[in-house]
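This report covers the sheet, the nonpolar core and a few local backbone features. Please look over the sequence and the structure first.

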Amino acid sequence: MPAHPPRATQEEEALRYYLEIHRALWHSLATTWMDLDLSLAQLRTLLLLANHSPLQVGHLARHMEIGIPTAGHLVEKLVQAGFARRFEDPADRRRCLVTLTSQGEELYARLLIGRQTIAACLHQLGDEDLSAYLQGAQALADKLVSQLTTNARQARRC
């Protein structure tokens, strides 16, 4: 039975593969992200609407922890760009709701192309490789969540 490389070597190799995956995904997404003519706040608004729409502007403001006028301005920028639309709430005509347009949905899908690419690659893995990946990914995800939770608690104490 062949001896395993030292742990430090395995950890370095795992980090190298992580960077290789990250770079490959970045190259596939770079054009979409570089051509994106949205501010970070507008992008956050688009992502929130993609996952929680339709939303009232006030709810959007609360989710983003910003004022209602600021949220309204961000929505207006997305409406002008063709990524979002306002419409009357059918349940209460006094309220206005916001949702993504088909153009906004298409942009969101392009921003997630990395997830779709990984899904296609996972589908192509053999059963043994997929099981090994799942075991390692779950262990890493558990440690990462634990570490980030610990870091956040420590930061709040300071």
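## Basis

Contact here means heavy atoms within 4.5 Å. The model is predicted: local features need pLDDT of at least 70, side-chain atom pairs count only at pLDDT 80 or more, and totals for chains, interfaces and linings use all residues. Residues are numbered from 1 along each chain as its sequence is written, and side-chain values use heavy atoms, with hydrogens and water left out.

Helices (H or I, at least four residues) and strands (E, at least two) are DSSP runs, numbered from the N terminus.

## Core

Start with Leu-78. Leaving aside its neighbours within four places in sequence, Leu-78 is in contact with Leu-38, Gln-42, Thr-45, Leu-46, Leu-49, Phe-83 and Ala-84.

A nonpolar core is a set of buried Ala, Val, Leu, Ile, Met, Phe, Trp, Tyr and Cys residues joined through side-chain atoms within 4.5 Å. Buried means under 20% relative accessible area, exposed over 50%, and partly exposed in between (1.4 Å probe, protein chains only). The largest such core has 22 residues. Leu-38, Leu-46, Leu-49, Leu-60, Leu-78 and Leu-107 have the most contacts inside it. Two or more residues each come from helix 2, helix 3 (57–64), helix 4 (68–81), strand 3 and helix 5 (102–111). In soluble globular proteins, nonpolar side chains tend to be buried together.

## Sheet

Two strands pair if DSSP finds at least two bridges between them. Here 3 strands form an open sheet, ordered 1-3-2, with antiparallel pairing. Strand 1 (55–56) and strand 2 (84–89) are at the edges; each has a single partner strand, so one side of each lacks a neighbour in the sheet. Helix 2 (residues 40–52) packs on the sheet and touches strand 1, strand 2 and strand 3. The direction of helix 2 makes about 110° with that of strand 3. Axes are lines fitted to C-alpha atoms, for helices over the stretch in contact, and angles run from 0 to 180 degrees between N-to-C directions.

Strand 2 and strand 3 form a hairpin with 2 residues between them.

## Backbone and loops

Most residues other than glycine have a negative phi, and most peptide bonds are trans. Ser-53 and Pro-54 are joined by a cis peptide bond, with omega about 5°. Pro-54 lies in the loop between helix 2 and strand 1. Glu-65 is not a glycine, yet its phi is positive, near 60°. This residue sits in the loop between helix 3 and helix 4. Glu-65 is exposed, because its relative accessible area is 74%.

Ser-39 belongs to the loop between helix 1 (7–34) and helix 2. At 35% relative accessibility, Ser-39 counts as partly exposed. Its C-alpha atom is separated by 12 Å from that of Ala-81, 42 residues apart along the chain. Leu-125 is in the loop between helix 6 (113–124) and helix 7 (127–157). Leu-125 is partly exposed, at 32% relative accessible area.
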